[in-house]
Amino acid sequence: MRVAIIHYWLVGMRGGEKVIEALCDMYPQADIFTHVYAPDMVSEKIRAHRIVPTFINSLPRAARMYKNYLPLMPLALEQLDLRGYDLIISSESGPAKGIIPPPGALHVCYCHTPMRYIWNMYHEYRDGAGALTRLLMPPLTHYLRMWDVSSAARVDSFVANSTTVAGRIRRYYGADSHVIHPPVDTEAFSPLPAAELGDFYLMAGELVAYKRPDLAIRAFNEMKLKLVVIGGGEMLQEVRRLAGPTITVLGSQPFSVLKDHYARCRALIFPGEEDFGMVPVEAMASGRPVIAYGRGGATETVADGLSGVFFPEQSVASIISAVERLNGLALDPAIIAAHAAQFGRKQFFQNMRAHIDGLLGAHLAPRATVSPQQDRRTTG
């Protein structure tokens, strides 16, 4: 069976790329198609596959300015020649699902979220853009929305990474979806003895506006509690500027450093609304509780009062109240880690394999060629 995996861009190793790695394990023979490919920014497991970029990859400074070429990506996807493939799995967050599947192929879309910059977070992205981008966004995103909705009809089955995303798929595409949480390598983490815990809180992940790192910085400045920040991104310099004397901003760090801080922190702070959110699961797999905004994917992974607490508003006061509430709870690291285990790679493999194999069975089964009217005439 020939398998094609379509991913929006391969310029780093975030949650979407972890899903691609898992799909590579499931289908070692798969070819990968993507808009932009930066080999030194992705894992060896991904590089081991045949990777075919679209023409976007040849445009000036594509590896850094790929999002500027968003309006060209529908055209690029539709130029991909996928004849001969039996199974196509698109990984959707940026444009990926809009390929033209060949007759007879099964197209499954694993949707991290419908493109947030044209749908649920359009106004936030526009507000934060420069003057020229704000001027161009309305007509360009109008065109992209029409294409995005029409291309949803090219998908045979949507798989959502959370019930939150399943709701967006229903709202924006009018389609049903099957929820399968993404693969978190929970076995790579484990709790430490209480004597080895630190006295700091942790915020980890990409520092971008919608994740609201500024809220956590301001809250911990006010509480004068220790906070360690791990992660790069467009807001790194702003976070460093906002950070008070009790806040340490480490920037991007290797996995070993992140893993150590997960295991030793008092709790993870998660102030943004995510589609799913692997970071809270990794922290819980390390036996540490999570203080999360009570919206989005975190509500599906964090058990309030058992593996963490939620705060209801994205405000400094709400975060401070949640930190105080957590300090009054006695949570068991072993129970927290056991809770996180349900979101592991094993569960992803089992659920995806069962779903795709079931679809393939139905898709490849012989179809009746006799019409109901002919059938009645034959048996009547």
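Which side chains meet in a salt bridge at 2.6 Å, N to O? In this predicted model, the pair consists of R83 and D81. R83 counts as exposed, at 63% relative accessibility, whereas D81 is partly exposed, with a relative accessible area of 43%.

A search of the whole structure finds 19 salt bridges. Three of these pairs are listed below.

| Side chains | N to O separation |
|---|---|
| R83 and D81 | 2.6 Å |
| K211 and E274 | 2.0 Å |
| D214 and R218 | 3.3 Å |

The salt bridge between K211 and E274, at 2.0 Å from N to O, joins two loops: K211 lies between β8 (201-204) and α8 (213-223), and E274 lies between β11 (268-270) and α11 (278-285), so the pair ties together parts that are 63 residues apart in sequence. Both K211 and E274 are buried.

R218, in contrast, is partly exposed, with a relative accessible area of 37%.

Salt bridges also link residues in a network, whose members are R116, R168, E273 and D275.

How values were computed: Residues are numbered from 1 along each chain as its sequence is written. This is a predicted model: local features need pLDDT of at least 70, side-chain atom pairs count only at pLDDT 80 or more; totals for chains, interfaces and linings use all residues. Side-chain values use heavy atoms; hydrogens and water are left out. A salt bridge is a side-chain nitrogen of Lys or Arg within 4 Å of a carboxyl oxygen of Asp or Glu. Buried means under 20% relative accessible area, exposed over 50%, partly exposed in between (1.4 Å probe, protein chains only). Helices (H or I, at least four residues) and strands (E, at least two) are DSSP runs, numbered from the N terminus.
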